[in-house]
Every structure is written in C-alpha cells, then in structure tokens.
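Hi,

Here is the structure I said I would pass on. Have a look at it first, and then read my notes below.

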Amino acid sequence: MALQPYASPVQRVWYYSFRVICGLILFFLIFPIMVIIPLSFNALPYFTFTPGMLAFEASAYSTEHYRDFFTNSDWQSAMWNSLSIAPAATLVSVSLGTLAAIGLSSGKAPFRGAIMAILISPMIVPLIISAAGMYFFYSRVGLQGTWFGVVLAHAALGTPFVIITVTATLVGFDRSLTRAAANMGAGPVRTFFKVQMPLILPGVISGGLFAFITSFDEVVVVLFLGSAGQKTLPWQMFTGLREQISPTILAVATLLVTLSIILLATLEILRRRSERLRGMSPG
Amino acid sequence: MADATAGDGIAPEENRSASGLLLSADGTPLKNSIARAERRARIRAFLLILPLLAFVMVSFIAPIADMLFRSVENDIVADTLPRTVVELQDWDPASGVPGEPVFEAFYADMLDATEAKIHTRLGSRLNYEESGMSSLFRKTNARRLGRIDDTQPLAPQFEKIDEDWATVEPWAILKTFSARYTPGYFLQAADMKLTPEGVESVDETQQIYIKLFWRTIILSLTITCSCLLLGYPVAWLLANLPMKSANILMILVLLPFWTSLLVRTSAWKVLLQEQGVINDILVWIGLVNDGARLVLINNQIGTVIAMTHILLPFMILPLYSVMKTIPPSYLRAAKSMGANDWVAFWRVYFPQSIPGIGAGAILVFILAIGYYITPELVGGTSGTFISNRIAFHISTSLNWGLAAALGSLLLILVMGLYWLYDKIVGIDNVKLG
C-alpha cells in the first residue's frame, strides 16, 4: 500500500508511524536471536556486552566458548546423540508418512476423517501429555530409557508434518501421469519411484526437514523417556539453563541458529522448485 | 485391468446380456466390475495407510490411552490386600473398629506383602489420600509382624504395633480405596478428596490445582492477546507490501519460527536477567535507576514475554494467509464511497480478517496452554503452568495417578479447543511455513 500523493498530513503521520510500529515488532522477533551471536564471542563469562566489546576491542572477543563445546565430553556426547536419534526418527516418519499420504490423497481411503485425526494427533496433543503417556506406556513394555524408545517417540511426533506437507504436494499432482505409466507397462513400484516420487520429492524433503527439526529440537519427551545415555543437545541445554548457566550455551545456540538458517534456505528453494514443477510462477 | 472399460451406453452390442445389462469384457455385469475395482482401490489406499496407522496407534495412541487408564486405575489395594478387601466389604465404618475376621485377613495379607516388600508401596499410594498412611504401613513391617502370635486375638497386637490400627480411620480409608477404579485422582486434581463420608473439598490452604488451571488459562489468554496485538499489524503489512519486500520481511518471521525453542528460551533467559542486556540498555538510557533494575525473569512477566515471542509466528502466519485473500480493492471501494480510513478498516477489512484471527488465536492458545519448557526456565514459581505440575508429579513426587488425571483434564481442554479449530479452519487446512 503506497502512500497516495493526495494523503492528508494525519494520514502521512499514521502511514509512517505504522511502519515504525511494525519495524519495532519485527525487531522484537529477531533481536533475541541475533543478540546471542555476538554475545557468544564474549571473552569473559558474562551474559551482557562488556565495555571492551562495545569498543570493538579484539581482546574482548574470543572463540573460547566454541572450543569448550567441541572439547567438552558432555556437549560432544549430547551432539552425537542428537545426530543419531534425529535422522533415525526422520527416516521412520518419512517412509511411513509418505506412503500414508499417498493413500490418503487417492480419494478412495475409507474413514478418511477419522484416520486423519488420529495421524495428526501427535502434533495437537501438548508435548507434556505425550511425554507423560509415553513414559507410562514405554516403561510398561521396557522401552523407557532406550535409544529405540526415543526414536520411536520422535518418529511418532514427526509424522504429522510429513503427512501435511506431502498431502499438500499431492494436491497438485496430475494422476493421469501414473495411469500413463501403468498404461506403458510400468508396475506400481516402478511407477512410484520413476514417476510419482520425483514429482512429489520437494514435499517429501520438506516434510523430512520438519520431522528432523521436530526430533532435533524436542526436549520434553526425551527428558522423560531417555536415560543418561540418550542425553540430546536440547536436553543438555535445558539442564544447563536450569542449573548452572554457562556461556557455552550461547555458542551452541549460535550454531543452532546457523542450522535453522540453512534449513530455512533449503525449504525456500524447495518451495520454489515445487511451484515451478507445478507450472506456477515462483512468488 | 480388463474390467471397467465400457463407457456410458456406448458399449458394443455383444457386451450386453440377455436382460440388457451392460457387461464388461470378461462377461460380468459392468456394475459389479466397477464395484470390484472401486473396492480394490479402497483396499489399496487403506493398505498404504495401514503401516503408519498401526505405528501411530502403538507408539502414540496406546500411550495416551494408558495415561487415561492410569488416571482411574487403582489395582494396588485389591492386589496387595486381596483377603482384607473382601472382608471389609461387609464392614460399616459407623459400627466402629472392624472385628477379628478383618484382622485375620489383614494379618495374612500383610505377611505376604511384607515378604514381597510391597507394603511400603501401598503405604505411599494411600498417603496421597490421607497423610500418615505411609508411616503406618512402614511401621507395620516384617519384623513387627513376626512377633505376632496368631493364636491370640490379633486386634490388640496390631494396636501394639501402632495405635492407629485400633481406630476406624485407616480401615475406612482402605475400604474407600479398595475398588479397582477410583475417581480419587480426578477429585484431587479438582482440589477435592474422596473420604469415607463422601466427596469433600480440601482445606483452603491446600487448594492449588484449580488456581493453577486458572493461572494457566489466564496467562495463555494474555499471551494470545499480546500475540494478536503484535501479530495483526505485521500480518497486514506483509499482506499489503509488494511481493519482493514482503518476502524479505517474511524471513524475519520465519527465522524465529525455525529456531530451536531452547535457543529462544536461552536468549530470553540471558536478555531478561538483572545484569542482562535489556536492563543494561534501560539503565543506559536512564529509564531505570541502576539500583532499581527491573525483575523481568522468574515471574509471570518473564513467561509472558518469552512465550509471546515464541508463539508470535503461529499468529502471524495464519493471519497473513487469510489477509492475502482479501482484495485491496474492497478498501478502495469503501473509501471512494465516503468511508474514512478507520471506518473502511473496521467495517470492511476487519470482518474479513476474523477467520484468520480465530485460527491464529486458537492455535496460539492451544500451544500456550500445554507449554512446559519455557515456563519452567523463565517462570520461576509464579509463572509456571499446569504442565510443570504434571512433570513434578511424574518425576519428583511420583504420584503418577494424579499426573495422569491432571494430564487427562488438560487433554480434554485441548481436544475441545482443537474441535473448535477444526470447525473454524479444518484440519486439512493446516499450513506449514
């Protein structure tokens, strides 16, 4: 909405003050995330800017907290735990979720509404309730405190995202393509991998990214389900924040922000590719 | 697939049966063929869904069902003291301390229980209902039971172990909680308790759960309102700017959305500290005296600020997607017909954006009401939610039944809101990113 040339002074004032207000709100959104980046390079173990930092003295900055992260055994084992649990959970949710999404979008699925409600429920139920239920149930069957139990739980939490993104991609999928493939003699498996999969791949990958980040960031469920051997990065951060807050957390936080920037960029590229494939202009 | 190939009435003459029914190539009536093909397609679709459905049922729905079950389950009394429970059935608390048969049954049950070392577990369970039961059962241990001479009357000997056994109270509690299913945990979650005389509300000083539920709801509403207040202008700006600049500003909304919850919470923990960046800035500007720095963390203010920041994208995104569909020409039309800016906005634009407000507000409220991590880290004691109490009962007080009952109540609340969300927005319209 551009400012009209005939706008009255009041309208002009409102136009600019509205933009200032929006700017402040956007600043509120981004400031906390951005401020931890310089703070993580603080040479002293403080959580605010030292006079030296404000004067841009090189000696006031250091990468000490990053060195701590990469050498401290607690943080390292937490990182490797996260890096083994999240991909495993993602693999389970993507493979099962994609199949189910194809079934759900065929238009022939019986009890679609009820099934959809069940499959989406892990996303809706508050995490503390999922965590409580899983803790009770998994202790009964001996999965509490095991790597497998945590993966199972995270996979369940990630599937709704796969279902939603893949179903959304399938809305634009031209079904006559699979019929054409079948007509030319391709079996269902071959049709799936050669025709359908390449076209819905952007949706599958973004669903996978959602599932990955869900597991990678998840802390409530792993807090209850995991034992010390499954301590993940968010769990370690949670303990650090609750007990003795150390500046290493800021270094970890900065690394995680970098990771989310990469993920966000990947998703954006995928979205544009998917729209191009569907013949829509990227916007 | 040889069936279902015949079109509408253009089938060749030989594909008709004597009675004039359309036939498919293999000679079956076309109707049956189509029905079979449809059925096959349905089965195929269902088989594709089945693995995930089974997986979610086992890994997610079963745990939730288990939690609901645990909130009423009370097997422990009947399993630990089977004979006593049977004997107590005919006993009336009004008639005084139970007679010798009950003591005999109790003695036999307790011998088994102490041998299996499960009598203290029963004590802890009953202690949730009446304090003092735990120490009573711990006192009645194998050593003391061993001194009992079962040829003599048992009641006086139990009185020697603990004089409470000679009163009506412990027996009445045992009888009240001898059923395999109990509403006791739910009553506790509503600040009431089941007593031998019926349902009573607990002492005013011990009523915490109703207050906690209210606090959770009020804080969640505050967070929802502040998200709406902050989200509406931004969503409007994003929806009305040219695509290119809107996309750039959108990054500022999506980056926090994609950043780990722990990262954002730790950022606020660092910023809001007494010696943190925000207080430093306020002191530097001169708004706040150095000696009187604001207490922004470990209270309700901390929870509201941090959670508003965390949930704001969930408000902006649905608002944006609805506002995107409102044609800007409507506003121009209103203005050309003489409405001023405010009237045009309030009477024309705002009503059309209400679906977005509904979707965003319910989404933020549903998410807020079940939050655990952020209130735990920045909420102190006054800014915690019902979730924190559930976690406390699971991991610290080990009163799993009460945790399950609180969780079930929260689940019912969220499901109600979710149903509302489904009515307004529809599950299928959930959009991500």
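How many residue pairs are in polar contact across the interface of chain B and chain A? The rule finds eight, with both residues of each pair at pLDDT 80 or more. Keep in mind that this is a predicted model.

Helix α1 of chain B, residues 30–70, gives the largest share of the side of chain B that touches chain A, at 24 residues. That side of chain B divides into 64 nonpolar residues, 15 polar and 10 charged. Counting both partners, 89 residues of chain B and 91 residues of chain A take part in the contact. About 8100 Å² is buried between the two chains, and carbon and sulfur atoms give 83% of that area.

There are also three salt bridges across the interface of chain B and chain A.

Now for chain A and its UniProt record. An unreviewed entry there puts "domain: ABC transmembrane type-1" at residues 79–267 of chain A. In the model, that stretch is 81% helix and 0% strand, with its end C-alpha atoms 23 Å apart.

UniProt (unreviewed entry) also lists "transmembrane region" for several spans of chain A, including residues 83–102 and 114–138. Residues 83–102 of chain A are 100% helix and 0% strand, and 29 Å separates the end C-alpha atoms. For residues 114–138 of chain A the figures are 92% helix and 0% strand, with the end C-alpha atoms 25 Å apart.

Cheers

Terms used:
Residues numbered from 1 in each chain as written. Chains lettered and ligands numbered in written order. Predicted model: local features only at pLDDT ≥ 70, side-chain atom pairs only at ≥ 80, totals over all residues. Heavy atoms only, no water. UniProt positions renumbered as here; feature names shortened; annotations may be inferred. Helix = DSSP H or I, 4+ residues; strand = E, 2+ residues; numbered from the N terminus. Contact = heavy atoms within 4.5 Å. Buried area = accessible area lost by both parts, 1.4 Å probe. Salt bridge = Lys/Arg side-chain N within 4 Å of Asp/Glu carboxyl O. Polar contact = N/O pair within 3.5 Å; in protein donor to acceptor, adjacent residues only side chain to side chain. Nonpolar A, V, L, I, M, F, W, Y, C, P; charged D, E, K, R; others polar.
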